[in-house]
Amino acid sequence: MRTADEPSADLPSTDPGRHDPYEALRLPDFRKLLISSFLSTFGGQMARVALGWYLYERTHNPLALGLVGLVEVIPVILLSLHAGHLTDTRPPRPITLVTRAILGLSSVVLAVIALHDGPLWAIYAAVMAIGVARAFGNPANSMLLPQVVPQRIFPNSVTWSSNAWQLAAATGPAAGGLLIARTQSAALVFWLDAGFSVVYIAMVASMRTRFHAAPPEQKHEDSWQSVLAGLRFLRQNRLILATITLDLFAVLLGGAVSLLPVYAKDVLHRGPVALGWLNAMPAIGAVLMAFFLAHMPPMQRAGHTLLLAVGGFGLATVVFGLSTFYPLSLAMLFLLGALDNVSVVIRSTLLLTHVPHAMRGRISAVNSIFVGSSNELGMFESGVTAKLFGPVLAVVIGGVGTLIVVVLTGLFWPELRRLTTLHAPDELL
């Protein structure tokens, strides 16, 4: 079997001394993965806007929005460790295809509910199914990229993957808001999301995987020692632990985006089109930042860059929380997305370059629990604090909390401050 750094007939030959910002895009299978992920994220982001708008229109209760995050995160917390073990010991592509089918069926259920004003409990049941699919799908998805991209261009491929995700996250909410404004219904958005899931399944099924097959000796291992190995590795690797902890609390506390339906309607006094643009602005900022990062030489002070980016994220959250001026709110959300993408690129690259291949599924599962689930826990936290103190104070408190976390992380984990490049250490090459 060819290793990650052996030449391939369709792998572009590049001068190692020259930075090629488009190197990963020259791989056909990576382009398939990129396009399918873009379409899936585009549909998912449209559906997220539609779900928030539909729920708030029916209930006029911010806690109903927060409950979406809580219901979705419960299966992620309960199932992710086993899902990570499964991904490390089984081919990831079948797992990805099954979980994507579950996501598509969940969107069909939401579409039917929106058409007939079905019971609220059915909405939360569909959201819980989405959480189950995420618990197994996130670790499997993280293993697809190493199977179509050689290790030496991981940083470039992560940057373009983040770029595609953010571009979809920018255009998806805007498209969802426009469709809702035109139809005054969320159902069409959910149907489109289900259709994009079908496209994703077809494209990923057609890819050829070749790099980094699972080690044969792990294929039949199924013990709790193996399942918990990701936690043990994380405890020993302080650098990975620091980056995950930083992102966990930043996302948990800085959950301004989860309250955008409330801000659009009650603070900025705008309609569904404005809500779509508010949801889109973080991703627009992230897309432009991703293009900038792709064309820049490799980072030389990644640790300091990460701390400054998350600190700026917290400050922008505070300004957004206090703003009642629509253009300023858009600008702050743009800045939130740009700074958050710096964090995403650094953390995602470290999870590829500083984690042995045999552990990536389990570390990705731990990452899903502590970082991925923080989005949904942040939604719940924001919904509860908005219910108790109002949306403005809820967002401002979260932004200030993020700034405090940045300071504490820099003090407790000096290895993060000392981090220079994102290249793999010698023992993992």
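**Figure 1. Glu 57, a partly exposed residue, and its partner Lys 265.** Glu 57 is partly exposed, with a relative accessible area of 35%. In this predicted model, Glu 57 forms a salt bridge with Lys 265, and the closest N and O atoms are 3.5 Å apart. The pair links distant parts of the chain, with Glu 57 in helix 1 and Lys 265 in helix 10 (residues 260-267), 208 residues apart. Lys 265 is partly exposed too, at a relative accessible area of 34%.

**Figure 2. Arg 48, Glu 72 and Arg 134 are linked in a network of salt bridges.** Let us start with Arg 48 and Glu 72, whose side chains meet in a salt bridge at 3.8 Å, N to O. Arg 48 belongs to helix 1 (residues 28-59) and Glu 72 to helix 2 (residues 62-89), so this pair ties together parts that are 24 residues apart in sequence. The side chains of Glu 72 and Arg 134 also meet in a salt bridge, at 3.3 Å, N to O. Here the link runs from Glu 72 in helix 2 to Arg 134 in helix 4 (residues 120-148), 62 residues apart. A search of the whole structure finds 3 salt bridges.

**Figure 3. Helix 9 and helix 15 pack roughly antiparallel to each other.** Two packed helices are described by the angle between their axes and the distance between the axes. The axes of helix 9 (residues 238-253) and helix 15 come within 8 Å and cross at roughly 170°, and the two helices are therefore roughly antiparallel. On the helix 9 side, the contact is made by Arg 238, Ala 242, Leu 246, Phe 249, Ala 250 and Leu 253. Helix 15 contributes residues including Gly 398, Gly 399, Gly 401 and Thr 402.

**Figure 4. A nonpolar surface patch includes Val 407 of helix 15.** The patch covers about 580 Å² and is made by Val 400, Ile 404, Val 407, Leu 408, Leu 411 and Phe 412. Val 407 lies in helix 15 (residues 391-412) and is exposed, with a relative accessible area of 51%.

**Figure 5. The whole protein, as a setting for the close-ups.** The protein has 16 helices and 0 strands. Of its 429 residues, 59% count as buried. The accessible surface comes to about 17,500 Å², and 69% of it belongs to carbon and sulfur atoms.

Conventions: Residues numbered from 1 in each chain as written. Predicted model: local features only at pLDDT ≥ 70, side-chain atom pairs only at ≥ 80, totals over all residues. Heavy atoms only, no water. Patch = residues over 30% accessible without salt bridge, like charges linked within 9 Å, V, L, I, M, F, W, Y side chains within 5 Å. Areas by Shrake-Rupley, 256 points an atom, 1.4 Å probe, with all protein chains shown as cover. Salt bridge = Lys/Arg side-chain N within 4 Å of Asp/Glu carboxyl O. Helix = DSSP H or I, 4+ residues; strand = E, 2+ residues; numbered from the N terminus. Buried < 20%, exposed > 50% of the residue type's maximum accessible area, 1.4 Å probe, protein only. Axes fitted to C-alpha atoms, helices over the stretch in contact; angles between N-to-C directions. Parallel < 35°, antiparallel > 145°, perpendicular 65-115°, else oblique. Contact = heavy atoms within 4.5 Å.
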